[in-house]
Amino acid sequence: MAGRGGDVNRVDERGEPPYLRIAGEIRRRISDGELRPGDRVPSARRITQEWGVAIATATKVLATLRQEGLVRAVSGVGTVVADPACHRAPAARRQPRAPEGELSRDRIVHAALGLADAEGLAALSMRRVATELGAATMSLYRHVSGKDELVLLLADTAFGEARLPEHRPAGWRAQLELAARLEWELYQRHPWLAQVISVGKPQLLPNMMLHGEWLVRALTGVGLDAATITYAYITVFNYVRGVAVNLATQTESERDTGMRDAEWMEANGDAVLSAMASAGTVPSLVGLFTRNEVDYNLDGLFEFGLGRLLDGIAALIGTPGPDAAG
């Protein structure tokens, strides 16, 4: 059954581990032309649903096909069929082991980052990263203590991409907008990232803390007391993260269905609206969606909410607290 962790090496009635049987079926689809170069292959989550296996088995299926050169990970898309010129013969399926001296924390992090971007955090494991590097799994533990530390290193590496400028724009609002939009772009490049960041239990990630420093400095000296600055900067940071949480679900859905949100709505929107109308319990929503031609998307939601949030901070600055510096 899906969700059980012991089926990776369990053999079926033919004496074959499930991951090899599933990899063989996907391999057949590729060789028969059902899946062509550039087509998405079933994601790890789709494999668990279609064949009823655990996520560990599903990720091993994809790792096996990658070792054979049949598929490759594409950031923001998922795993796709590789160009036939890249296919390797069965004798060359396994990558040669990387000499221990060639491994480094930086190489491990960047390999893991590529996997997380292409297939999501569910597909990330120390074993899978080792496979990508052609290394023994245990050799990774000499550089990283485990998956938990690796994920935090990924998050900090990602935030290091969103470089804040040396010279700030004029005005607190322009500074907050700049940081918020940089972070939004960052979450779009790495849809898994928002799931990792915690506001309740802040992580000491150096690159992420630089964004906090930027936000605090933007709000310092504008007439707000320390408590208000604290809540305001965390609220801005968490607003961007909160909208970005939807990106992982959106990306996973696109991998599974092959359809972007707008395409899915085009194909299914009328049926959804009809079902809502038939229920008779949400007439206001049905009426709104029926007469409203707004092109709803996450970018628009982000921009609308950010504007209203900054309007609220502006109202607070208009009535400075007791610690106003003048």
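## Close-up views

Leu133 counts as buried because its relative accessibility is 9%, where buried means under 20% relative accessible area, exposed over 50% and partly exposed in between (1.4 Å probe, protein chains only). The model is predicted, so that local features need pLDDT of at least 70 and side-chain atom pairs count only at pLDDT 80 or more, while totals for chains, interfaces and linings use all residues. Residues are numbered from 1 along each chain as its sequence is written, and side-chain values use heavy atoms, with hydrogens and water left out. Leu133 belongs to helix α5, which covers residues 126-133; helices (H or I, at least four residues) and strands (E, at least two) are DSSP runs, numbered from the N terminus. Although 30 residues separate Leu133 from Leu103 in the sequence, their C-alpha atoms are 8.4 Å apart in space.

**The protein as a whole, as a setting for the close-ups.** The secondary structure comprises 14 helices and two strands. The protein has 326 residues, of which 41% count as buried. If one takes the contacts (heavy atoms within 4.5 Å) between residues at least 6 apart in sequence, 69% of them join residues at least 24 apart.

**Helix α1 against helix α3, an oblique pair.** Helix α1 (residues 18-31) and helix α3 (residues 55-67) have axes that come within 9 Å and cross at roughly 50 degrees, the axes being lines fitted to C-alpha atoms over the stretch in contact, with angles from 0 to 180 degrees between N-to-C directions. This angle makes α1 oblique to α3, given that angles under 35 degrees count as roughly parallel, over 145 as roughly antiparallel, 65 to 115 as roughly perpendicular and the rest as oblique. The crossing of α1 and α3 is right-handed, a term for a near helix turned clockwise from the far one by less than a right angle, with left-handed for anticlockwise. On the α1 side, the contact involves Pro18, Tyr19, Ile22, Ala23, Ile26 and Arg27, and these meet Thr57, Lys60, Val61, Thr64 and Leu65 of α3. By class, the contact of α1 with α3 has seven nonpolar, two polar and two charged residues, where Ala, Val, Leu, Ile, Met, Phe, Trp, Tyr, Cys and Pro count as nonpolar, Asp, Glu, Lys and Arg as charged, and the others, Gly among them, as polar.

**Helix α1 against helix α2, a roughly perpendicular pair.** The axes of α1 and helix α2 (residues 44-51) lie 12 Å apart, and the two helices pack at an angle of about 105 degrees. They are therefore roughly perpendicular to each other. Arg21, Ile22, Glu25, Ile26 and Arg29 of α1 meet Ile47, Glu50 and Trp51 of α2, and this contact of α1 with α2 has four nonpolar, no polar and four charged residues.

**Ile30, a buried residue of α1.** Ile30 is placed in helix α1 and counts as buried, with a relative accessibility of 10%. Ile30 and Val71 are 41 residues apart in sequence, and the distance between their C-alpha atoms is 9.5 Å.

**Helix α8 against helix α10, a roughly antiparallel pair.** The axes of helix α8 (residues 172-189) and helix α10 (residues 206-219) come within 8 Å and cross at roughly 160 degrees. This angle makes α8 roughly antiparallel to α10, and their crossing is left-handed. From α8, Trp172, Gln175, Leu176, Leu178, Ala179 and Glu183 meet His211, Trp214, Leu215, Ala218 and Leu219 of α10. Sorted by class, the contact of α8 with α10 has eight nonpolar, two polar and one charged residues.

**Thr235 and Ala314, partly exposed residues****.** Thr235 is found in helix α11, which covers residues 226-257, and counts as partly exposed at 38% relative accessibility. Ala314 lies in helix α14, which covers residues 298-318, and is partly exposed, with a relative accessible area of 31%. Ala314 and Arg173 are 141 residues apart along the chain, while their C-alpha atoms are separated by 8.2 Å.
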